[in-house]
Amino acid sequence: MKKVLHIIGARPNFMKVAPIFRAISERGALAQRLVHTGQHYDVRMSDIFFTDLGLPAPDIHLGIGSGSHAEQTGRMMSALERVFLGEQPELVSVVGDVNSTLAAALVAVKLGIPVAHVEAGLRSFDRSMPEEINRIVTDRVADLLLSPSADADAHLLAEGVEPSRIHRVGNVMIDTLLACRDKALRLPTLAELGLAPRGYAVCTLHRPSNVDSPEVLRGLLAALGHVASRLPVVFPVHPRTRGRLADLRADELLESTSGLRLVEPMGYLEFLSLTAQARLIFTDSGGLQEESTVLGVPCLTLRERTERPVTVEVGSNTVVGTEPARIHEAAERILAGEEKQGRIPELWDGRTGERIARVYECFLGVEGATRRAAV
Ligand code: UD1
């Protein structure tokens, strides 16, 4: 059987790979193996997602860990080259825009192995974001570009990509959300945190541009503190952010700010139970802008731009930047009932994994059997 190697490494990769892995396995036409680079390694940043999502343990774990961009990407590339030479896959499948995505795409293309990029074509047009560089380079070298939305297709076409390489398949992460939502809603997360449905906000922050600048981070904390005087704000803290808060000596200040609740990073299901029932979400994450759109929860994106404009044009997202007064004002409007009524974008329907499996089969000249209804 022809073999697909899936490369994963960081938290947002796991929920994107799970539906593709499941669809390929159900259709039975391709062999597949999971390779984890180890970019994220804490149990709460990695292992917990395998359990929550029903993903098998990785076949190969490279244990690369953290480092500067060059160190981390370089170590991944050396290790992945050995894996690809040993495994001899017919296709390397990468998802998203993290350093593991870029490393795998570069190694595969140089070995002459076709590359598929899931979530192709997203652009923030902000080259200071490491993810933007990862997206541009990965799309440039990939053979198959699986895109989530029309704006992504348009970016690829504008960059001169041949239309035959672009496949608009929809948003694969939403497959996972829709498959897990009921299970997540049955968890006792809210009761355990003493929260009422729609009676709290959720916040996540981890972008270097937000958390690595003491000035920006202080401003964001002030804005969140303000909102927290109106309703509880639950803030699961990413390890990068935890480090920066410690540098600022802000931990103590935050924990004493009434209403702002710092908690450990959560697993997929627990976090989904929290976001699905929130009144409002503050984030600088890409994935959460998309998830809030599908959940119909208002989202304020604490960045100057988004690479996911469909969440603003169609969904419940508003990009508010990092200026505290603007954030506070936007939050007040939502709490006063003036919120956007979003819709769910086209093809964000829970069947993207199946469509991706079909594209892979077609590319590799094999045909699988669908056990579910035709897509
Ligand atoms: C990475 C991705 C980012 C993604 C994010 C999701 C890149 C360039 N960035 O950012 O696109 O949105 O993951 O979380 O790939 N750390 C731990 N434990 C871990 C992992 C990291 O403590 O399991 C700490 C380390 O101090 C590390 C820092 O977090 O240096 C940053 O980790 P890294 O993987 O370099 O980037 P993220 O900020 O997580």
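Reader: Where does Leu347 lie?
Author: This is a predicted model: local features need pLDDT of at least 70, side-chain atom pairs count only at pLDDT 80 or more, and totals for chains, interfaces and linings use all residues. Residues are numbered from 1 along each chain as its sequence is written, and side-chain values use heavy atoms, without hydrogens or water. Helices (H or I, at least four residues) and strands (E, at least two) are DSSP runs, numbered from the N terminus. Leu347 sits in the loop between helix H16 (324-335) and helix H17 (352-364).

Reader: Is Leu347 buried, partly exposed or exposed?
Author: Buried means under 20% relative accessible area, exposed over 50%, and partly exposed in between (1.4 Å probe, protein chains only). Leu347 has a positive phi, near 70°, though it is not glycine. With a relative accessible area of 25%, Leu347 is partly exposed.

Reader: What is the phi of Gln88?
Author: Gln88 is in the loop between helix H3 (69-87) and strand S4 (91-95). Its relative accessible area is 55%, so Gln88 is exposed. Gln88 is a residue other than glycine with a positive phi, near 50°.

Reader: How far apart in space are Pro163 and Leu145?
Author: Pro163 belongs to the loop between helix H6 (150-158) and strand S7 (166-168). Its relative accessibility is 58%, so Pro163 counts as exposed. In sequence, Pro163 and Leu145 are 18 residues apart; C-alpha to C-alpha, the distance is 9.6 Å.

Reader: Which backbone oxygen does the side chain of Ser273 reach?
Author: Ser273 is in helix H13 (residues 268-276). At 1% relative accessibility, Ser273 is buried. Contact means heavy atoms within 4.5 Å, and Ser273 touches residues including Leu187 and Tyr200, not counting those up to four places away in sequence. At 2.7 Å, its side chain reaches the backbone oxygen of Glu270.

Reader: Why do the buried residues of H11 lie on the same side?
Author: In helix H11 (residues 239-248), the buried residues are Thr241, Leu245 and Leu248. The arc is that of the directions from the helix axis to the C-beta atoms. These residues are on the same side of H11 because they cover an arc of only 60°.

Reader: How far apart are the centres of domain 1 and domain 2?
Author: Domain bounds come from an automatic or database domain assignment. That assignment gives domain 1 (3-170 + 348-374) and domain 2 (179-335). Taken over C-alpha atoms, the centres are separated by 27 Å.

Reader: Which three residues supply 31% of the area that domain 1 buries against domain 2?
Author: Buried area is the accessible area (1.4 Å probe) that two parts lose on being put together, summed over both. Domain 1 and domain 2 bury about 1900 Å² between them, with 60% of it on carbon and sulfur atoms. On the side of domain 1, more comes from these three than from any other three residues: Arg44, Asp52 and Trp348.

Reader: How many salt bridges does the rule find across the interface of domain 1 and domain 2?
Author: A salt bridge is a side-chain nitrogen of Lys or Arg within 4 Å of a carboxyl oxygen of Asp or Glu. Arg207 forms one with Glu131, and their closest N and O atoms are 2.8 Å apart. Across the interface of domain 1 and domain 2, the count is four.

Methods: Polar contact = N/O pair within 3.5 Å; in protein donor to acceptor, adjacent residues only side chain to side chain.
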